Amino acid sequence: MKKYAATHEWVSVEGKTATVGISDHAQDHLGDIVYVDLPEVGKSLKKGDVFCTIESVKAASDIYAPISGKVIEVNEELDSSPEKINEDAEGSGWIAKIEMSNESELDSLMDLEAYKKHCEEEG
Amino acid sequence: MTVFDKSTEGRTGFFLPKEESYGYEPSDVLPENSVRKESPLLPQLSELQVMRHFTGLSEKNYSVDGGFYPLGSCTMKYNPRLNERIASLEGFSQIHPYQAEDTVQGALEVMYNLQNFLCEITGMDSFTLQPAAGAHGELVGMLLMKKYFELKGESNRKKVIVPDSAHGTNPASAVMAGFEVIEVPSNGNGRVDLRSLGEILDENIAGIMLTNPNTVGLFENEICEIQEMAHDKGALLYYDGANLNAIMGHARPGDMGFDIVHLNLHKTFSTPHGMGGPGSGPVGVKSILKDLLPVPVVRFDGSKFSLDYHLPNSIGKVRSFYGNFGVFLKAYAYILTLGGDGLKRASEMAVLNANYLRTRLSKLIPTAYPGLCMHEFVLKGSKLVSEYGVKTLDVAKRLLDYGIHPPTIYFPLIVDEALMVEPTETETKEALDNFADTFERILSEAKEDPNILKAAPQKTVVGRLDEATASRKPKTRWSKDT
Ligand SMILES: Cc1ncc(COP(=O)(O)O)c(C=O)c1O
């Protein structure tokens with residue numbers, strides 16, 4: 001199951017683990033990404049916390065945790081190849097895996113169709 | 001070609017005395033790890049070659065002296081040569097900061113008078129001239145705020161509110177001073193959203209940092225309500241005065257209720273912004289904060305000017321000596337030559353020029369917010385993407401081919417594909433029309449063949465730079481092997 005936050009992060013759920021990243025729409029808006037400040041493994045997050053900062057040629061942007069939980073793995077490849085997010089934001093450009101502490105939060109996120117509409121309205 | 005590429009083994013333009021003539025070996029006077037084992041790898045050129053190399057580089061530079069420079073938020077205006085001349089007068093340029101006070105009374109008088117002028121212009125009670133730039137002024141302002149609450153026993157105030165449109169230095173300065181930053185969103189009119197502000201304002205807020213006109217070039221017309229809300233909760237109001245050139249002589253931050261302000265003398269008061277030498281970011285405060293100002297403060301007892309270091313509650317020293325004195329001189333000369341009426345008129349021209357250009361350009365690309373602007377305005381370039389498949393970046397690069405410095409792009413962050421234009425008060429109508437005509441031409445190019453824009457610039461010294469690789473794999477120094 002894949003869901004999106006209004007702040008342009010995606011969550012893909014398998015069991016209790018959520019893989020998170022930024023949407024393709026978001027990477028397109030940020031432009032060429034040059035640096036990803038990854039969260040620390042073991043860190044506890046509340047939904048809405050800033051858990052990562054992404055620097056592109058345009059700006060530095062905060063990325064918000066779309067769900068609460070504990071960071072159990074980060075995509076260390078992004079350290080040396082931040083461009084992975086531009087190339088495949090919703091696949092190999094994932095940012096972190098989070099062990100969810102409150103799965104019901106998923107209900108407040110959008111499915112792809114609702115997210116697309118949200119992007120259009122924002123644009 | 002770098003100066004190294006022009007090097008020829010053995011060529012030289014200058015003869016240094018032979019090492020023996022010093023009468024000692026470098027190892028006699030220097031620790032071992034500071035003594036070179038081999039000669040430094042310096043380029044070898046004749047004096048004329050060096051002259052031509054650097055003159056050539058300077059000719060490739062783009063400057064306000066050479067052309068229109070509407071870089072939003074940066075106030076790239078023309079700064080009268082007269083002020084440079086005054087600043088280089090020998091009596092000013094040849095004095096030393098360690099000279100005795102009674103031998104530099106004139107210099108102290110300039111600083112004292114300038115402090116007073118700035119008080120008058122901004123409506124504040126006291127000024128320090130020490131901070132070296134805008135961002136440094138912000139940091140000093142934040143440290144003043146912190147100290148103020150420490151002395152009041154309100155150290156619980158650890159948060160500072162900053163609008164989402166703010167210049168990046170604002171939140172950075174607050175964090176540097178040890179505050180936590182909370183962002184307040186803008187409303188649909190590009191101003192601070194008062195409802196959201198009310199929700200985050202509480203007894204843990206030390207202050208609100210605002211720019212007025214703000215970074216989208218709009219006057220915060222609810223500033224009186226904002227100041228009341230802030231002061232009701234015991235918070236202070238900070239004014240980023242980098243945009244003062246829009247309101248000089250017409251409105252004063254002090255009267256709007258601001259407690260601390262910084263100004264960018266390099267921008268508003270006749271020192272070039274960037275690349276033209278050092279800046280200056282004086283900080284002004286209301287009397288409740290005046291004893292906390294950095295030392296030294298310039299005083300006058302009716303007959304003699306002096307430097308006062310005895311402020312027990314001062315936040316301390318923030319800069320070596322007394323600040324960037326040359327910039328004070330230019331500001332002082334600028335204020336005296338224009339006078340009160342002239343400063344007022346400078347602001348009027350800044351606003352008039354911006355609105356003229358806004359009216360012309362908004363027929364091509366919509367502005368981000370409706371209505372009149374102050375000294376600058378923001379266009380929303382998302383239409384370029386949807387209609388022509390070109391980005392703001394492509395338009396900016398194409399402007400270079402027409403010999404015009406592009407506006408600021410992708411700032412402020414809250415506007416999609418932003419183009420921020422600040423024509424400044426010193427441009428003629430012809431220059432503004434030329435810019436608007438060029439813009440129009442570029443948009444028709446975009447319609448006919450977007451690739452022209454995507455391949456731009458073609459006529460510049462270097463083509464489109466690969467910014468992403470430059471940031472991902474920066475090479476910051478020359479080496480023999482590259
Ligand atoms: C609105 C605003 N605030 C602060 C600054 C920072 O000033 P400085 O570049 O002197 O540090 C600038 C820069 O021009 C600015 O435009």
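Predicted model: local features only at pLDDT ≥ 70, side-chain atom pairs only at ≥ 80, totals over all residues.
Residues are numbered from 1 along each chain as its sequence is written, chains are lettered from A and ligands numbered from 1 in the order in which they are written, and side-chain values use heavy atoms, leaving out hydrogens and water.

Chain B brings 11 residues to this contact and chain A brings 12 residues, where contact means heavy atoms within 4.5 Å. The size of an interface is often given as the accessible area lost when the parts come together. Here chain B and chain A bury about 890 Å² between them, with 49% of it on carbon and sulfur atoms; buried area is the accessible area (1.4 Å probe) that two parts lose on being put together, summed over both. On the chain B side, B:Y410, B:D416 and B:R472 lose the most area to chain A, together 48% of what that side buries. The interface of chain B and chain A also holds three residue pairs in polar contact, both residues at pLDDT 80 or more. A polar contact is a pair of N or O atoms within 3.5 Å; within protein, one must be able to donate a hydrogen and the other to accept it, and residues adjacent in sequence count only if both atoms are side-chain atoms.

Now step inside chain B. In chain B, 28 residues of domain 2 are in contact with 22 residues of domain 3. These two domains of chain B bury about 1,800 Å² between them, 63% of it on carbon and sulfur atoms. B:V216, B:N245 and B:H250 supply 27% of the area that domain 2 buries against domain 3, more than any other three residues. Across this interface of domain 2 and domain 3 of chain B there are zero salt bridges, but eight residue pairs are in polar contact, both at pLDDT 80 or more.

Finally, the ligand. An oxygen atom of the ligand is 2.6 Å from an N or O atom in the side chain of B:H266, and an oxygen atom of the ligand is 2.8 Å from a polar backbone atom of B:A135.

Notes
Salt bridge = Lys/Arg side-chain N within 4 Å of Asp/Glu carboxyl O.
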